[in-house]
Amino acid sequence: MSLQTPEPIRTLQRKLYRKAKAEPAFRFYVLYDKICREDILRHAYGLALANAGAPGVDGVSFAQIEDQGLEAWLAGLREDLVTKTYRPDPVRRVMIPKPDGGERPLGIPTIRDRVVQTAAKIVLEPIFEADFEGNAYGYRPRRGAVDAVKEVHRHIVRGYSDVVDADLSKYFDNIPHRDLMQCVARRIVDRHVLALIKMWLEAPVEERDGDGKRRIVGDKGNKRGTPQGGVASPLLANIYMNRFLKHWRLTGCGEAFRAHVVAYADDFVILSRGCAVEALAWTKVVMTKLGLAINEAKTSQERFDFLGYSFGPHYPYRWNGQWYVGASPSKKSMQRLKAKVRELLVPGNNDPWQDVRDTLNRTLRGWSNYFCHGTRRPAFRAVDHYVYERVRDFLARRHKVAGRGTRRFSFEVVYGELGLLRLERLP
């Protein structure tokens, strides 16, 4: 099943985007029939399949759907949508560990709900893309975290070095439904589409206790939050965050505070020339009006972290007393990578070396592809040495080599004939 957007769907998206861009006040009345289109639902299923993911509360997997007949399954789903009998299932909640040691709730809708949400996203995203501010980079087509990193770096180099580094408290969990629906309704008038979104926001959540017992929490009385893990949630989160970014622009804060905002979903920084304290005070007031809370905020003229990068004064690899304004992998990013390496190279891992090496190389290549901007050589060299030591100990233990194994598994052997990826040698 091809992930390339079919031309009829792409044509529809272009028309919706151009209409929304040309007429900022235009409201779309007839969209529900587009979500129900057979080709859009089929493409939505292909996208959901590519993202894989665990089954929802019904336990139905992609394999089961295809074993029982994909065509009949899609036809049944379309029938439910057309007859307006579709109702979302509860969202399965699981807790995933956070880098700081805490846990983050992740909501897993059923595959059926994921497909419908993806179909809605296909239709609605071009409309709201026309409205989004240019300084927002999270969960948007042809934009990514590295683009936000480059933008932050450009502003710092130009002298916007007085920084507001803010963290919104549980943003996805605290978005007020009423205000969010008002944001959506400024563009979408189709009541059936609005009803779909409202049902997803109000869908109950299934949790399991330590004994595996199920319990349902949340219902129509729940007035806040959009579950992380839902396909529609990133788009809805961007729609609400755009209120803040648009208000910043319309009130002339960029000129008043001599500042720029760079946002990636709920993560944002304000880069100013001497007015960070004033910008932070203004931001706290506005976020309170939006029903959101800033968990932690600070101003700084030194180094700060954003999206895994560390920005600020850097010294050359061969220090000559001169510093420069740079961007490099943060210490936390290095620590997280090292933790992944340790988890893979545990003594109990009895997989063949080729499989271990391939998994390790994929991890290293993915990490290096993300940290493709700024000053990389010192971090890459440090990672290479750390990985080498771990791999050498792993192989020496596996082959029962006396001592540390530095002779049999030298740096040249590990990064040569054994095929381990050496980051410092990457172009």
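In strand β10, F311 is the bridge partner of F304. The model is predicted: local features need pLDDT of at least 70, side-chain atom pairs count only at pLDDT 80 or more, and totals for chains, interfaces and linings use all residues. Residues are numbered from 1 along each chain as its sequence is written, and side-chain values use heavy atoms, with hydrogens and water left out.

**Sheet**
- Three strands form an open sheet in the order β9-β10-β11, with antiparallel pairing (strands are DSSP runs of E, at least two residues, numbered from the N terminus; two strands pair if DSSP finds at least two bridges between them).
- β9 (304-306) and β11 (324-329) are the edge strands, each pairing on one side only.
- β9 pairs with β10 (residues 309-314) over three bridges, in the antiparallel sense.

**Salt bridges around R112**
- The whole structure holds 20 salt bridges (a side-chain nitrogen of Lys or Arg within 4 Å of a carboxyl oxygen of Asp or Glu).
- R112 meets D89 at 3.6 Å, N to O.
- R112 lies in helix α6 (residues 111-129) and D89 in the loop between α5 (70-82) and β1 (91-97), 23 residues apart (helices are DSSP runs of H or I, at least four residues).
- R112 counts as buried because its relative accessibility is 19% (buried is under 20% relative accessible area, exposed over 50%, partly exposed in between; 1.4 Å probe, protein chains only).
- D89, at 23%, counts as partly exposed.
- R112 also bridges D113, with the closest N and O atoms 3.7 Å apart.

**Salt bridge E129–R140**
- E129 and R140 meet at 2.9 Å, N to O.
- Both residues, E129 and R140, are buried.
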